[in-house]
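Good morning, and thank you for the time. I would like to walk through one protein model with you, from its overall architecture to a few individual residues. Please have the view open as I speak.

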Amino acid sequence: MAVESIAGTLSLDKLLRHALDGVFVVDRQRRYVVFNEGCERITGFRGEEIVGQVCQCGDVVKCRDDHGRPLWGFLCPATTLFESSALSARQRMQICRKDGAKLWVETVYTPVRDWSGRVEYVLGVIRDVSETKGTEDDLREEMSRLRKRAEGQGGNSEPEDLDGVLARVERECILRALKTADGQRNKAAEIMNISRSRLYRRMEALGIRPDAGA
């Protein structure tokens, strides 16, 4: 089907309504100009409550990062993009729904520039990652437990035995991270809080196949 015929049958509003992810847009005055049904499902707020209002995350969804720091005012990723040359920004945060429930979301922010290069709007795509965040936290806790177990065994072992124990623990941690990340090595490295290059080197050293976890 030609692009022209698709454009003739689908409006932007219809596309946004059917998007699974939340999509919002704020202008230079920090006012919401778009707040789709995906955003409504995630936050519990209706579009008519938000559109036209100045973005006040601290008063609405109370977003905070992994360390519990508030992400509003000058720390708001959307706000910083208006005066930045960055092509995009990504932020994982905990938000509070209208009903008081807390959940984790990840938002990708993209600046929309005018003909002169000035940022007119910032478009945000938001996704609920609460389940993934919980799995990652469980995995990190398990990795910590395995390392402690290995260190405890090392107290009664010869150095070469300890090396073997640590290698087995590291291999198990990498395989679990890869499984959690559906085989995506970049995501697995993020889960383990190590660089991608280090993950690749350790996978090679431990004999872990590149497609492990896929």
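The secondary structure comes to nine helices and five strands; here helices (H or I, at least four residues) and strands (E, at least two) are DSSP runs, numbered from the N terminus.

Two remarks on conventions. This is a predicted model, in which local features need pLDDT of at least 70 and side-chain atom pairs count only at pLDDT 80 or more, while totals for chains, interfaces and linings use all residues. Residues are numbered from 1 along each chain as its sequence is written, and side-chain values use heavy atoms, with hydrogens and water left out.

Let me turn to the overall figures. The protein has 214 residues, of which 36% count as buried. Buried means under 20% relative accessible area, exposed means over 50%, and partly exposed lies in between, with a 1.4 Å probe and protein chains only. The protein exposes about 13,300 Å², and carbon and sulfur atoms supply 51% of that area; the accessible areas come from the Shrake-Rupley method with a 1.4 Å probe, and for residues only the protein chains shown count as cover. Among contacts between residues at least 6 apart in sequence, 46% join residues at least 24 apart, a contact being heavy atoms within 4.5 Å.

Next, the interior. In soluble globular proteins, nonpolar side chains tend to be buried together. A nonpolar core is here a set of buried Ala, Val, Leu, Ile, Met, Phe, Trp, Tyr and Cys residues joined through side-chain atoms within 4.5 Å. Which residues have the most contacts inside the largest nonpolar core? They are Phe24, Val26, Tyr32, Ile95 and Val122, in a core of 25 residues. At least two residues of this core come from each of strand S1 (22-27), S2, helix H3 (37-43), H5, strand S3 (89-96), strand S4 (102-113) and strand S5 (119-128). Apart from this core lies another, of 15 residues, among them Ala181, Ala189, Met192 and Ile208.

Phe24 deserves a moment in the viewer. Leaving aside residues up to four places away in sequence, Phe24 touches a set of residues including Tyr32, Val34, Cys39, Tyr109, Val122 and Ile126.

On the cysteines, I can be brief. A disulfide is a covalent bond between the sulfur atoms of two cysteines. The structure holds zero disulfides, taking a disulfide as a pair of cysteine sulfur atoms within 2.5 Å. Cys173 counts as buried because its relative accessibility is 1%, and Cys96 is likewise buried, with a relative accessible area of 15%.

Now the charged pairs. With a salt bridge taken as a side-chain nitrogen of Lys or Arg within 4 Å of a carboxyl oxygen of Asp or Glu, the count comes to 12 salt bridges. Glu106 and Arg92 form one of them, their closest N and O atoms being 4.0 Å apart. Because Glu106 lies in strand S4 and Arg92 in strand S3, this pair ties together parts that are 14 residues apart in sequence. Both Glu106 and Arg92 are buried.

Asp65 and Arg69 meet in a salt bridge at 2.7 Å, N to O. Asp65 counts as buried at 7% relative accessibility, whereas Arg69, at 48%, counts as partly exposed. Asp99 pairs with Arg97, with the closest N and O atoms 3.4 Å apart; Asp99 is exposed at 55% relative accessibility, and Arg97 is partly exposed at 22%. Salt bridges that share partners also join Glu40, Arg46 and Glu48 into one network.

Val33 sits in strand S2 (residues 32-35) and counts as partly exposed, at 37% relative accessibility.

Finally, the backbone. Which residue has a positive phi of about 55° although it is not a glycine? That residue is Asp182, found in the loop between helix H7 (159-180) and helix H8 (185-192). Asp182 is exposed, with a relative accessible area of 57%. Lys62, also not a glycine, has a positive phi near 50°, and its place is in the loop between helix H4 (47-50) and helix H5 (77-81).
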